[in-house]
Structure formats: C-alpha cells, structure tokens
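The stops below go from charged pairs to cores, rings and backbone.

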Amino acid sequence: MLNQMAFQFMNYQMAVSFLLFIFSLLSLQLHATPEDVFVGVNIGTALSVMPHPTQVAALLKAQQIRHVRLYDADGGMLMALANTGIQVMVTVPNEQLLGIGQSNSTAANWVNRNVLAHYPATNITAISVGFDVLTTVPNAAKILVNALKYIHSALVASNLDHQIKVSTPLSSSIILDSFPPSQAFFNASLDSVIVPLLGFLQSTNSFLMLNVYPYYDYLQSNGFILLDYALLKPLPSNKEAVDSNTLLRYTNVFDAMVDAAYFAMASLNFTNIPIVVSETGWPSKGGSNEPDATLENANTYNSNLIRHVLNKTGTPKHPGIATSTYIYELYNEDLKPGPISEKNWGLFDANGKPIYILCLTGSGLVLANDTTNQTYCAAKEGADPRMLQAALDWACGPGRVDCSALLQGQPCYEPDNVMAHATYAFNTYYHQMGRASGSCDFNGVAAVTTTNPSHGSCLFSGSVGRNGTMANITAPSMNSTNADSSATAFGYDILSYAVMVVGALLGSSIWL
C-alpha cells in the first residue's frame with residue numbers, strides 16, 4: 001500500500017511539473033513583447049532619377065523596413081509615409097542650423113512646419129539636428145547644443161517631447177585611442193560641446209547617434225585590421241582582439257567602436273545614455289584603387305550586421321543589449337561626388353532592384369530583399385534546441401506536415417540535426433498555409449528568409465526545381481479549414497497534448 005501511495009504521489013508530482021513546464025511555454029508564446037531593437041535605413045536623395053515618394057514608401061513596405069532616417073524633412077516624402085506605421089527620423093539640414101541655434105522662434109517654426117504638420121499620421125519619432133556637424137561644419141559647433149535645446153523646447157510646448165527624441169549624429173572619428181575600447185576618449189578640443197551635448201541627451205532621455213564605418217577603419221589601418229574582423233565574420237579565438245584592461249574579447253570592428261563610445265562617455269561621467277548607430281554599411285563597387293568595395297563584401301557586412309543586431313548579441317561591454325542601427329543606405333546615389341565607392345553604398349538601385357540579395361536566414365522579414373518574392377521559413381540560428389524539437393514534433397504531428405523526407409535514407413535526412421530537420425518541417429508548413437502571416441513563427445524559433453535552404457537533392461517547398469517548376473507546393477489535405485498561425489496552433493496543440501499526458505498520469509494512479 002505504501003508503495004502504491006508513493007507511486008501515486010510521484011504521478012501527481014510529475015503531472016504538476018509537466019503542467020508548469022507547458023504553461024511556461026504558453027506564457028512565452030502568449031505574452032511575448034514586441035521587439036524594441038531595430039535595423040532601419042538611411043534614405044539619401046542624390047540620384048539622377050529619384051524615385052517618387054510613393055514608390056519609396058512602397059519599397060519600404062515591401063521590404064518590411066519599419067524605421068527610416070531622412071536627411072531633410074521633405075513634405076512629399078513625409079506625406080507618402082503617412083499611415084504606414086513606419087517610424088521616421090527627420091533632419092534639420094546643416095545649412096539651417098545657424099538660424100535655429102540662435103532663435104527659439106525659428107526652431108518652433110521649423111517644428112510646426114516639418115513635424116506638427118505631419119504628425120501623428122506620419123510616425124515621426126526622432127529629429128536629427130544637423131549631421132556630422134562637429135567634423136563637417138565646425139563653425140556651427142558652438143550653437144549646436146542650443147539648436148537641440150530649442151527644437152526640444154518646441155516639442156515640449158506641443159507635449160511631444162516624450163514621443164519624439166532629439167539628437168545629432170557624431171562621426172566615430174572624434175573618438176580617439178579607440179582600441180582598446182576601455183582607453184577611448186573624445187577629442188578634448190570638443191569637450192566644450194560634447195559635455196553639454198551629453199548632458200542634454202541624458203536629461204531628455206535621448207540617445208547618442210554614432211556613425212560607424214568599419215570599411216574606412218579597415219582601409220586606414222594599414223593592414224592592422226583584418227578584413228574578416230571588419231566584415232563581422234566568425235574569427236578563431238587567436239584572431240580576436242583582447243582589451244588588455246578589461247580582458248573583453250572583440251570579434252568585430254562594429255562592437256569595438258560602439259563600446260569605445262560607451263567608454264568615452266563614461267570617461268566624462270555619463271554612463272546611462274544608449275547608443276543608436278545612425279550610419280553604417282559597406283560599398284558594393286569601387287575604383288581600381290578600391291579593391292575591397294565589392295558585392296561580396298557589401299553583402300557579407302550588411303547580412304552579418306543585420307543578424308548581429310536583430311539576434312540581440314550586444315557588445316562585449318553590454319552583452320544582450322543590442323544597438324539599433326540604420327544602414328547606409330537605401331539607394332545607390334549616383335550624383336554623390338568623390339570616388340566610385342561613394343556612389344555605391346545602396347541596397348537598391350533607383351528602380352527598386354536589389355544590388356545584391358542579403359543572406360538573412362533566421363533574421364526575420366526585415367530587408368529580405370529578394371524582389372522575386374520567393375520566401376522560405378527557417379529555424380532561427382541560436383534557437384533553443386528543445387524548443388526546436390518541440391516545434392518539429394508539432395509540425396510533423398498536429399501540423400500535418402509530411403516529414404517522410406527526413407527519414408534515414410531519404411533526400412532530406414542529412415544533415416541529421418534538429419536545426420536542419422526543423423527548417424524543412426517549418427518551411428513545408430509555411431507553404432501549406434500559403435505563406436500566411438504568422439505561419440512562420442513556431443513559438444518564436446522560426447523566421448521568414450529569402451535564402452533558399454534547399455541542398456543537394458533535398459528541394460524545399462517554394463524552391464525552383466531543376467526543370468524550372470516550383471518544388472513541393474501541393475499541400476496535404478488539412479482537416480481544419482481555418483488558417484491558424486503556427487504560433488497559435490502550436491500553442492493550442494501543446495495545451496491539448498498537456499491535458500492528455502496529465503490525464504494519463506493521473507489515470508494511472510487512480511487505477512492502481
């Protein structure tokens with residue numbers, strides 16, 4: 001009898017533990033918060049044929065780009081962005097700084113004309129007061145902080161200072177002795193501007209805007225910086241850069257420059273101002289003396305950057321705290337002066353055709369820039385293997401995916417790991433559901449990509465076969481006629497499965 005009671009107690013314990021585990025999964029699914037980190041784009045206009053603002057807005061929506069930075073406050077562009085939900089940073093051009101920095105009323109008029117006239121239909125969330133002022137128009141430096149304050153005061157008067165932040169972009173070149181990052185400091189000759197600027201950003205809960213260009217750092221290093229280190233490529237541990245003061249290990253220039261800015265601010269006793277990278281990128285074409293400005297390098301840098309930011313890797317100084325970033329830039333600007341590379345930083349040409357197809361498996365929808373509209377669903381890199389296995393089991397079971405191709409000896413068995421098998425199952429389900437919104441989620445462990453995961457004789461749904469036809473697009477019959485998202489359906493089936501298991505456990509104790 002004692003043994004029987006002990007067995008019953010163990011079953012009850014198992015049931016309770018299992019329920020707690022299941023409800024924790026459901027809690028993660030049902031109460032997930034929206035992503036706060038983002039990758040946006042800068043939109044320059046030095047094109048011989050600039051697309052119409054409505055075409056620009058259409059491209060942004062098609063590419064799921066939810067954050068843009070304008071180098072002005074063009075009324076036509078702001079109207080085209082109205083009611084899109086896209087978050088917009090507008091800019092006070094450098095040539096207007098002197099007037100705004102000397103007159104509160106001029107600043108108020110600028111805000112009335114360029115912000116209030118469009119807000120809230122156009123989701124303006126930030127104002128950049130000038131750009132690269134300290135390095136390109138140093139004569140305006142003395143009125144820069146006043147200009148920020150006057151613009152902010154105009155927002156306060158309209159009760160918009162909490163919704164719209166004010167900042168100004170700084171070139172990373174004003175940070176001296178940037179490696180090791182812990183020794184970095186701002187150019188002391190600029191302290192009379194930097195200190196009050198940081199004070200303003202801190203008091204208004206704003207952010208420091210920093211332009212980070214590993215391409216130029218690499219070129220100017222005379223071979224000291226490895227190309228792979230600049231491109232955010234994986235490095236062997238013996239190639240990582242180590243900060244001798246903190247022993248933090250750096251695997252790329254981007255993180256090192258961001259941390260250098262954090263350390264530079266800390267040297268002036270500012271430790272709680274976040275950083276937004278306002279410009280970064282890599283040129284896809286250069287002259288004969290610019291051998292590293294190539295399509296491959298541009299694709300590698302921007303693809304690695306997007307994954308790095310959206311995966312919330314963070315930096316060695318702030319692990320897990322991602323740095324929101326604007327890529328430079330949306331279009332190639334053929335009217336830009338200077339070397340050939342200056343005209344070739346864009347992700348798209350003036351017709352909206354991608355310069356190259358970003359490699360973004362596992363990084364979601366943003367900038368999945370294959371305009372042929374061939375999309376796939378893949379397991380996210382770094383996803384919890386247990387969550388992947390649970391989602392794989394669901395897809396091949398209640399999700400009604402035919403997973404026979406994953407059996408040993410079948411074309412998609414290799415590589416035999418949960419990441420590869422889950423990707424096959426997720427993608428098949430995604431196409432069974434007609435690529436419906438939400439059908440590539442699986443409790444957060446999957447994301448849409450334009451990279452075709454097919455390999456060898458394993459052709460994935462949605463891919464083009466050798467005969468030019470689409471592979472595996474016929475869905476098996478489904479009992480349900482409604483198109484539940486994978487996240488919702490997965491959650492309900494987990495709960496159903498939990499009830500069955502708990503019932504079995506409790507039932508076994510009753511019959512003893």
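A salt bridge here is a side-chain nitrogen of Lys or Arg within 4 Å of a carboxyl oxygen of Asp or Glu. Select Lys336 and Glu333: their side chains meet in such a bridge, at 3.7 Å from N to O. Glu333 is buried at 4% relative accessibility, where buried means under 20% relative accessible area, exposed over 50%, and partly exposed in between (1.4 Å probe, protein chains only).

The model is predicted, so local features need pLDDT of at least 70 and side-chain atom pairs count only at pLDDT 80 or more, while totals for chains, interfaces and linings use all residues. Residues are numbered from 1 along each chain as its sequence is written, and side-chain values use heavy atoms, with hydrogens and water left out.

**Whole chain**

Show the cartoon. The chain has 15 helices and 15 strands; these are DSSP runs numbered from the N terminus, with helices being H or I of at least four residues and strands E of at least two. Of its 512 residues, 50% count as buried. Among contacts (heavy atoms within 4.5 Å) between residues at least 6 apart in sequence, 70% join residues at least 24 apart.

**Salt bridges**

The structure holds six salt bridges. Select Lys312 and Asp36, whose side chains meet at 3.2 Å, N to O. Lys312 is in the loop between helix 12 (295-310) and strand 13, and Asp36 is in the loop between helix 1 (2-30) and strand 1 (39-43), so this bridge ties together parts 276 residues apart in sequence. Lys312 is partly exposed at 32% relative accessibility, and Asp36 is exposed at 60%.

Next, select Asp384 and Arg386, another salt bridge at 3.2 Å, N to O. Asp384 is partly exposed at 29% relative accessibility; Arg386 is exposed at 67%.

**Glu329**

Glu329 sits in the loop between strand 13 (325-327) and strand 14 (376-379). Leaving out residues up to four places away in sequence, Glu329 touches Asn42, Gly44, Trp345, Gly346 and Leu347. Check the backbone as well: the peptide bond joining Tyr328 and Glu329 is cis, with omega about 10 degrees.

**Aromatic rings**

Tyr328 also belongs to one aromatic cluster with Tyr213, Tyr215, Tyr216, Trp282, Tyr301 and Trp345. Rings of Phe, Tyr and Trp (its six-membered ring) pair if their centres lie within 6.5 Å; planes under 30 degrees apart count as stacked, over 60 as edge-to-face and the rest as tilted.

Select Pro214, in helix 9 (residues 214-219).

The structure holds 17 aromatic pairs. For one of them, select Tyr429 and Phe442: the ring centres are 5.5 Å apart and the planes at 70 degrees, so the pair is edge-to-face. Tyr429 lies in helix 14 (residues 418-432) and Phe442 in the loop between helix 14 and strand 15 (446-449), 13 residues apart. Both are buried, Tyr429 at 3% relative accessible area and Phe442 at 0%.

**Nonpolar cores**

A nonpolar core is a set of buried Ala, Val, Leu, Ile, Met, Phe, Trp, Tyr and Cys residues joined through side-chain atoms within 4.5 Å. The largest has 103 residues, of which Leu60, Val68, Val90, Trp110, Ile127, Ile151 and Leu330 touch the most other members. Helix 11 (residues 253-267) gives the most to this core, with 11 residues. A second, separate core of 28 residues includes Ala391, Phe426, Tyr429 and Ala446.

**Backbone stops**

Select Glu414 and Pro415: the peptide bond between them is cis, with omega near -5 degrees. Pro415 lies in the loop between helix 13 (385-396) and helix 14. Arg400 is also placed in the loop between helix 13 and helix 14. Its phi is near 60 degrees, a positive value in a residue other than glycine.

Finish at Asn83, in the loop between helix 3 (75-80) and strand 3 (87-92). Asn83 has a positive phi of about 60 degrees although it is not a glycine, and is exposed at 70% relative accessibility.
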